[in-house]
Amino acid sequence: MNILIITPVFNDWDSFTVLLQRIDRVACTNPIFAQVDVSLMAIDDGSTASYEKHSAEWRPLQKINFLEILTLNRNVGHQKAIAIALASISRGPLVYDAVIVMDSDGEDQPEDIIHLLATHIGSGEKIIFAQRKKRSEGVVFIFLYKVYKLVYRILTGSSISFGNFCLIPQILLKKLVNVSEIWNHFSGGVIRSKLPITTIETNRGARYCGVSKMNITALIIHGLSAISVQIDIVAVRFLMISIILIVFSIISMLVVIGVKFFTPYATPGWASTVVFGFTMIVMQAFFVSLFLVFIIFT
């Protein structure tokens with residue numbers, strides 16, 4: 001079996017060096033790699049720091065047969081960097097039986113590649129994601145992450161509980177690179193593709209060097225990117241809510257008019273104020289509906 005591990009790197013060549021050495025060590029010591037040829041591609045995501053001073057530490061490698069640096073001219077972010085790498089791989093003959101996507105900072109642990117390969121051998125033609133059992137960030141970050149997952153589920157009707165760490169079988173790679181949504185959000189795009197997926201539980205590793213760049217602002221941007229992948233489904237759900245608001249407002253206006261003209265309970269001036277308020281709701285919901293219909297059809 002031939003596998004290729006791809007990992008995006010932005011300036012953090014110290015962490016990448018540790019990752020490379022750990023992958024090589026895991027591949028040398030675990031029997032599942034006995035019949036596996038391992039190659040690795042680092043996606044240089046427009047780094048301003050050169051990797052040249054670290055390259056001496058990348059040799060010798062015992063089990064990693066081939067190491068490539070795919071250099072991008074500008075920083076595009078992890079999601080697009082992964083999509084570019086997958087597109088680059090799929091352009092030529094597919095010599096790899098599987099492609100593994102992982103981060104280079106240490107939070108995706110090389111030891112979990114063993115579980116991905118074992119699951120791949122057992123499950124066959126499925127994309128296998130590593131799902132973290134427990135997060136170790138701060139309380140505020142974890143709370144907002146849970147809010148993001150809840151909002152995603154409400155707006156899209158599906159759940160998302162994993163990141164980029166996954167194994168892609170060769171047979172699904174060509175199909176996946178034609179899913180344009182992975183350029184915006186990789187895991188969200190995979191969910192949108194309807195390709196068969198499964199998950200395994202893993203533990204989050206500790207960063208090799210430095211601190212995480214994922215702050216609250218980055219999490220919000222990441223969440224919005226995930227939701228945007230399912231924008232047509234989100235639009236339909238908001239359209240249904242708008243229609244419900246219109247129907248409710250019209251019924252409420254009829255009730256108010258009925259109370260005013262057919263009962264002795266009306267207070268002077270209140271009916272016109274209430275009807276005006278519901279009319280504004282109807283108009284706003286109507287224009288929102290038109291906008292959402294436009295989004296759906298484009």
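This is a predicted model: local features need pLDDT of at least 70, side-chain atom pairs count only at pLDDT 80 or more; totals for chains, interfaces and linings use all residues.
**Entry 1: Ser 90**

Ser 90 has 8% relative accessibility, so I log it as buried, the cut-off being under 20%. I then checked which element holds it. Ser 90 is found in helix H2, residues 78-91.

Next I looked for a polar partner of its side chain. A polar atom of the Ser 90 side chain lies 3.0 Å from the backbone oxygen of Ala 87. I also listed contacts, leaving aside neighbours within four places in sequence. Ser 90 then touches Lys 174 and Val 177.

**Entry 2: helix H5**

I followed those contacts to helix H5, which spans residues 170-177. Helix H5 packs on the sheet and touches E4, strand E5 (127-132) and strand E6 (166-169). I noted its direction at about 100° to that of E6.

**Entry 3: the sheet**

I traced the sheet next. It is open, has seven strands and shows mixed pairing. I wrote the order down as E3-E2-E1-E4-E6-E5-E7. Which strands stand at the edges? They are E3 (64-71) and E7 (197-202). Each has a single partner strand, so one side of each lacks a neighbour in the sheet. Neighbouring strands are turned by 20° against each other on average, direction ignored.

**Entry 4**

I checked how E1 (residues 2-9) meets E4 (residues 98-101). The two strands run parallel and are joined by four bridges. Ile 6 stands opposite Val 101 in E4.

Last, I looked at helix H1, residues 13-29. Helix H1 lies across E1, strand E2 (37-44) and E3. I recorded its run at about 170° to E2.

Conventions:
Residues are numbered from 1 along each chain as its sequence is written. Side-chain values use heavy atoms; hydrogens and water are left out. Two strands pair if DSSP finds at least two bridges between them. Axes are lines fitted to C-alpha atoms, for helices over the stretch in contact, and angles run from 0 to 180 degrees between N-to-C directions. Contact means heavy atoms within 4.5 Å. Buried means under 20% relative accessible area, exposed over 50%, partly exposed in between (1.4 Å probe, protein chains only). A polar contact is a pair of N or O atoms within 3.5 Å; within protein, one must be able to donate a hydrogen and the other to accept it, and residues adjacent in sequence count only if both atoms are side-chain atoms.
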